[in-house]
Amino acid sequence: MTERDAMAEAVRRARSVRGTTAPNPPVGAVLMRGDLVLGGGATHPVGGPHAEVVALAEARAAGHDPRGATMVVTLEPCCHHGRTPPCTDALLAAGVARVIAGAVDPFPRVAGRGLARLREAGVDVVVVDDAAAAALIAPFAKVLATGLPQLECAGNDPEHSYDAVIVDVARPAMAMTLAVRAPPGPAPSAREVWWSDEPEEVLLRRLAAAGRHRVLLDVADLTPWASWLAPATSRDRRPR
Ligand SMILES: [Zn+2]
């Protein structure tokens, strides 16, 4: 497997956990040596290991030593103590020699510091600015930058034929997605994706009445509803 193929595989793994990783964005990782894949993984539900740690564990479980290997990961490894220890520490302890990141983490407590930490420790770090990897964290990046969730429209997602998806910012924005209308194809497997057959206006009014959801309507044919949906408040800007 080439490094490019490994990034595509990491993206595939990340997509498979979309909607299950709140409050973390979905991330996928593949550990490789040469063209041999040693292990792979994706972000576990909150409190569980991040993708890089899952990939290291999978490699070790298969009898591979990660020392000197390359970690291909869709998002910059974290470097802060959240609910789990920093992935940069896990990568350095494992002796990973090279890290290929698909995107820089927009989260202010990381934002390049994870990559810098790895470089300082002598790891060969490459950021490839992968479009698919960036798309994975687009809702996360948007709410961090604007306090507003991202509304995806039909055709935005190559895997799913959503008519529209509302990302909830009252809950962690990057994880909780609500389909406004059931798609024509089979529903994705993500556990927190909730499908509704309600008309968009009925569903959106109900969500607004519940007071927990803030919705950005930046699509022409949905803007008539924007007037009665509360904008995201400053309190909602802080990711939880
Ligand atoms: Zn991490």
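Strand β1 (residues 28–33) pairs with strand β3 (residues 70–73) in the antiparallel sense, over four bridges. Within that pairing, Val72 of β3 is the bridge partner of Val30. Strands pair here if DSSP finds at least two bridges between them. Helices (H or I, at least four residues) and strands (E, at least two) are DSSP runs, numbered from the N terminus.

The model is predicted: local features need pLDDT of at least 70, side-chain atom pairs count only at pLDDT 80 or more, and totals for chains, interfaces and linings use all residues. Residue numbers start from 1 along each chain as its sequence is written.

**Sheet**
- Five strands make an open, mixed sheet, ordered β2-β1-β3-β4-β5.
- Its edges are β2 (36–42) and β5 (124–127), each pairing on one side only.
- Neighbouring strands are turned by 15 degrees against each other on average, direction ignored.
- Axes are lines fitted to C-alpha atoms, for helices over the stretch in contact; angles run from 0 to 180 degrees between N-to-C directions.

- β3 and β4 are parallel and share four bridges; Arg98 in β4 is the bridge partner of Thr70.
- From β3 the chain passes through helix α3 (residues 87–94) to β4, a right-handed β-α-β crossover.
- β4 and β5 also run parallel, joined by four bridges; Asp124 in β5 is the bridge partner of Arg98.
- The β-α-β crossover from β4 through α4 to β5 is right-handed.
- Right-handed means that, with the strands pointing away from the viewer, the path from the first strand over the helix to the second runs clockwise.

**Helices**
- Helix α2 (residues 51–61) lies across β1, β2 and β3, at about 135 degrees to β2.
- Helix α4 (residues 113–120) lies across β4 (98–101) and β5, at about 150 degrees to β5.
- Buried residues of α1 include Ala6, Met7, Ala10 and Val11.
- Their cover includes β1, β2, β3, β4 and α5 (131–136).
- A residue is buried if 20 or more other C-beta atoms, placed from the backbone, lie within 10 Å of its own; it is exposed at 12 or fewer, and partly exposed in between.

**Core**
- The largest nonpolar core has 46 residues, and Ala29, Leu31, Met71, Val72 and Val73 have the most contacts inside it.
- Helix α2 gives the largest share, six residues.
- Such a core is a set of buried Ala, Val, Leu, Ile, Met, Phe, Trp, Tyr and Cys residues joined through C-beta atoms within 7 Å.
- Beyond four places in sequence, Ala29 touches residues including Ala10, Gly40, Ala55 and Val72.
- Contact means C-beta atoms, placed from the backbone, within 7 Å.

Technical notes:
Contact = placed C-beta atoms within 7 Å.
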